[in-house]
Amino acid sequence: MVRAVRGMRDILPEQGRRWDLVEGELTRVLQRHAYEAIRLPLLEFTELFARGVGEATDIVEKEMYTLADRDGDSLSLRPEGTASSVRMLQEHGLLYNQTQRVYYAGPMFRYEKPQKGRYRQFYQIGAEAYGFAGPDIDGELIGLGWACWQALGIETMVTLEINTLGSSEARQLYRTALVDFLTPMSELLDEDSRRRLETNPMRILDSKNPATQALLEKAPKLPDFVDVQSLEHYEGLKLLLDAMQIPYQENPNLVRGLDYYTHTVFEWTTQDLGSQGAVCAGGRYDGLVERLGGRPTPGVGFAIGLDRVVLLHELAEANAKAPGQDRSADIYVCVTQPDCSSAALVVANALRQALPKRRVRQHMGGGNLKKQLKKADACGADVAILIESDALDQQTLTIKHLRDASIGQETLAFDAGIARLQQY
Ligand code: HAM
């Protein structure tokens, strides 16, 4: 039997429902913030990522799936979406003299060592904004991420870390100072860091090696190099986060693994997924449009790692529900007499339309009401709707509250019934 390629994800039917739900919630949050959908190609010229993400990054150096096209062009499966989104908007003249707020979703490819939460084909939902220089858009994007976690009920499981890298000139000065400091002691660095000293020295700050971390204690610190303008931008962002009541931690070692960042960088992390703790990451990349051949245009954005967010959502639900309950539906429509199954179909569809966030399951296959209510309970529904043959004529809803004995059962006019169900 031919098996799946290592690290390429199969999403099985039992997981598919959760993926749809999580993707749906996140997309709705993005749309409510008036971001517009774009779709990016899976394949781009390798040069786009080499110039955009950076030659010396792990992604470009060793993680891309690169192939030669039949005419000899070097193409790569996209390892991320930011460079492509700049390429696309630039190519279609959508960055000149205008602002843009866009989002995209889909698989990305990186040849990394697979483990739980880290795959070679993984999924991102990314948001990018162009043409806005102030910290207010950084705040909007972080607020957007927060709204995503709230929509999924996982906001208590994630922590926001922020930092500023300063202007690209400030970064350059810091890079030189770090190399000058570490070069005389390069023998003492771990192998990866020694290599990075030549290629991408700021990534050494990310090293998990304790001996390297000890050496870094006395190293020059990035915040001492950050320019005044960047600090003002950063202070502005912190005020906005305070105003939105979004908790955050400042992490001066947060540098990010892609080369295009300047000024603000941020990451949402969790303690609940072991070593793969970053669930969303992003920042400002004011120089990228220019680096890819366009006019200077500020840019900022983030990408959510969907695989990890789905895992978190599953954990949150497992923590919340009683053992043994599956929570596959919210509302269960019961058929009290055999002749009312067509009324049940009509009511179930009306409920789905009126309550787009609720999962409505209709009972199939007969059986008395007691048996149907048992099924409603087993699938974790909060309420059962009891359909009687005159339900359509009467325009009423009979609601049985399965988790709240104090209300029990009530019959309400259809609109009042919908309002009642909205409380769940
Ligand atoms: P990134 O930090 O490389 O940033 O990836 C963003 C998120 O994608 C990570 O925080 C993680 O949740 C998820 N992710 C990355 N690699 C994997 C993997 N191998 N398996 C599972 N999940 C993964 C970017 O990609 C930037 N383009 C983000 C950005 C957008 N910055 C500005 N705009």
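Trainee: In which hand, right-handed or left-handed, does H1 pass H5 at their crossing?

Mentor: The crossing of H1 past H5 is right-handed, a term used when the near helix is turned clockwise from the far one by less than a right angle, anticlockwise being left-handed. Before going further, note that this is a predicted model, in which local features need pLDDT of at least 70 and side-chain atom pairs count only at pLDDT 80 or more, while totals for chains, interfaces and linings use all residues. Residues are numbered from 1 along each chain as its sequence is written, and side-chain values use heavy atoms, with hydrogens and water left out.

Trainee: At what angle do H1 and H5 pack, and how far apart are their axes?

Mentor: Two packed helices are described by the angle between their axes and the distance between the axes. Helix H1 (residues 13-32) packs on H5 at about 140°, with the axes 9 Å apart, where axes are lines fitted to C-alpha atoms over the stretch in contact and angles run from 0 to 180 degrees between N-to-C directions. That makes H1 oblique to H5, since angles under 35 degrees count as roughly parallel, over 145 as roughly antiparallel, 65 to 115 as roughly perpendicular and the rest as oblique. Val22, Glu25, Leu26, Val29 and Leu30 of H1 meet Leu144, Ala147, Cys148, Ala151 and Leu152 of H5, contact meaning heavy atoms within 4.5 Å. By class, this contact has nine nonpolar, no polar and one charged residues.

Trainee: How do H5 and H9 pack?

Mentor: Helix H5 (residues 135-152) and helix H9 (residues 228-243) lie with their axes 8 Å apart at an angle of about 40°, and are therefore oblique to each other. Their crossing is right-handed. Pro135, Asp136, Asp138, Gly139 and Ile142 of H5 make the contact with His233, Gly236, Leu237, Leu240 and Leu241 of H9, a set that divides into five nonpolar, three polar and two charged residues.

Trainee: How many aromatic pairs are there?

Mentor: A pair of aromatic rings is described by the distance of the centres and the angle of the planes. Rings of Phe, Tyr and Trp (its six-membered ring) pair if their centres lie within 6.5 Å, planes under 30 degrees apart counting as stacked, over 60 as edge-to-face and the rest as tilted; by this rule the count is eight aromatic pairs. In one of them, Trp149 and Trp268 have ring centres 5.8 Å apart and planes at 75°, so the pair is edge-to-face. Trp149 lies in helix H5 and Trp268 in strand E9 (residues 262-270), so this pair ties together parts 119 residues apart in sequence.

Trainee: How far apart are the centres of domain 1 and domain 2?

Mentor: The domain assignment gives domain 1 (13-167 + 227-318) and domain 2 (331-421), and their centres, taken over C-alpha atoms, are separated by 42 Å.

Conventions
Domain bounds come from an automatic or database domain assignment. Helices (H or I, at least four residues) and strands (E, at least two) are DSSP runs, numbered from the N terminus. Ala, Val, Leu, Ile, Met, Phe, Trp, Tyr, Cys and Pro count as nonpolar, Asp, Glu, Lys and Arg as charged, and the others, Gly among them, as polar.
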